[in-house]
Amino acid sequence: MPSYTKILYFLFSALLTSVSIGLLGFAMSTTWSRTTMDCTGTGNGSAEITMGLFSGELVRLSCPSFGSEDAFSVFPALSDITVTPMVLHGLCVGLLAVCFLTSALSILISLYNSISNPYETYMGPIGVYTCSSISACLSVLVLIIFVLNLSVTTMQEELVPSVANIDSVDLADKRSEMRVGYFLLIPYAVLSLLAILLIYLYDHAAYTHRREQERPTEDAPKEIMMY
């Protein structure tokens, strides 16, 4: 049976990771970006795309001639334009799915350690380190890829005529801002790192305690050790 200290440390680690999974789930269901573009040659016309991972909305004001609001599913819309935005967006979703899986594994390993002592195996602290570090690293990678997809590719410019079912439109002065779904990945990564830190503190304290218990035997005189 694990000690009460170990139980508390691993349960608290599982709690932190559970909160991070909740944040990740909410982040994947809400909006990630809003991009505004000016329609050249139409006076004050503009187009605005609010986009999440799976759904989005296009609002046109006199762009090119009339205004409208169109909701769209992200993956079908991206499949109608060039392949690069589709690949990068799919990569973001795939990496987030891996984050979800590794965080869930981290919770299971933490709960298992709170009732058992698989200390030197992959089901011990090493499992928590591995799963939580993968979650944190991949979430940071998603932050980078998503911004690159918005700023480097012409995804938003291509989505406007595709979603609105118009032949072509001249767009300029693209301005993008990140929304709540994107920023929630930051506390998700921080909580994953805190779960690692918590288990490391326990692991280090347990190792120090074992060394202190072994020291009296190591420091004992040889005459005493013979009897």
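The following is a conversation about a predicted model.

Student: What should I know about the model before we start?
Tutor: It is a predicted model, in which local features need pLDDT of at least 70 and side-chain atom pairs count only at pLDDT 80 or more, while totals for chains, interfaces and linings use all residues. Residues are numbered from 1 along each chain as its sequence is written, and side-chain values use heavy atoms, with hydrogens and water left out.

Student: How many aromatic pairs does the structure hold?
Tutor: There are five aromatic pairs. Rings of Phe, Tyr and Trp (its six-membered ring) pair if their centres lie within 6.5 Å; planes under 30 degrees apart count as stacked, over 60 as edge-to-face and the rest as tilted. One of the pairs joins W32 and F146, and it is tilted, at 5.0 Å centre to centre and 55° between the planes.

Student: Which elements do W32 and F146 lie in?
Tutor: W32 belongs to strand β1 (residues 31-39) and F146 to helix α4 (residues 125-151), so their pair ties together parts that are 114 residues apart in sequence. Helices (H or I, at least four residues) and strands (E, at least two) are DSSP runs, numbered from the N terminus.

Student: And is W32 buried or exposed?
Tutor: W32 is buried, with a relative accessible area of 0%. Buried means under 20% relative accessible area, exposed over 50%, and partly exposed in between (1.4 Å probe, protein chains only). F146 is buried as well, at 1%.

Student: What kind of pair do W32 and Y182 form?
Tutor: Their ring centres are 6.1 Å apart and their planes stand at 80°, so this pair is edge-to-face. Y182 lies in helix α6 (residues 180-183) and W32 in strand β1, so the pair ties together parts that are 150 residues apart in sequence. Both W32 and Y182 are buried.

Student: Which residues do the ring pairs link into a cluster?
Tutor: The cluster consists of W32, F146, Y182 and F183.

Student: Changing topic, what is the strand order in the sheet?
Tutor: The order is β4-β3-β2-β1-β5, in an open sheet of five strands with antiparallel pairing. Two strands pair if DSSP finds at least two bridges between them. At the edges stand β4 (68-73) and β5 (171-178), each with a single partner strand, so one side of each has no neighbour in the sheet. On average, neighbouring strands are turned by 15° against each other, direction ignored.

Student: How many bridges are there between β2 and β3?
Tutor: Six bridges join strand β2 (residues 46-52) to strand β3 (residues 55-61), in the antiparallel sense. R60 in β3 is the bridge partner of A47.

Student: Which helix packs on the sheet?
Tutor: Helix α5 (residues 155-164) does, touching β1, β2, β3, β4 and β5, where contact means heavy atoms within 4.5 Å. The direction of α5 makes about 100° with that of β2. Axes are lines fitted to C-alpha atoms, for helices over the stretch in contact, and angles run from 0 to 180 degrees between N-to-C directions.

Student: Where is S192 found?
Tutor: S192 is in helix α7 (residues 185-219), and S192 is buried at 3% relative accessibility. Leaving out residues up to four places away in sequence, S192 touches S20, S132, S135 and A136.

Student: And where is I126?
Tutor: I126 is in helix α4 and is partly exposed, with a relative accessible area of 47%. The C-alpha atoms of I126 and I196 are separated by 9.6 Å, although these residues are 70 residues apart along the chain.
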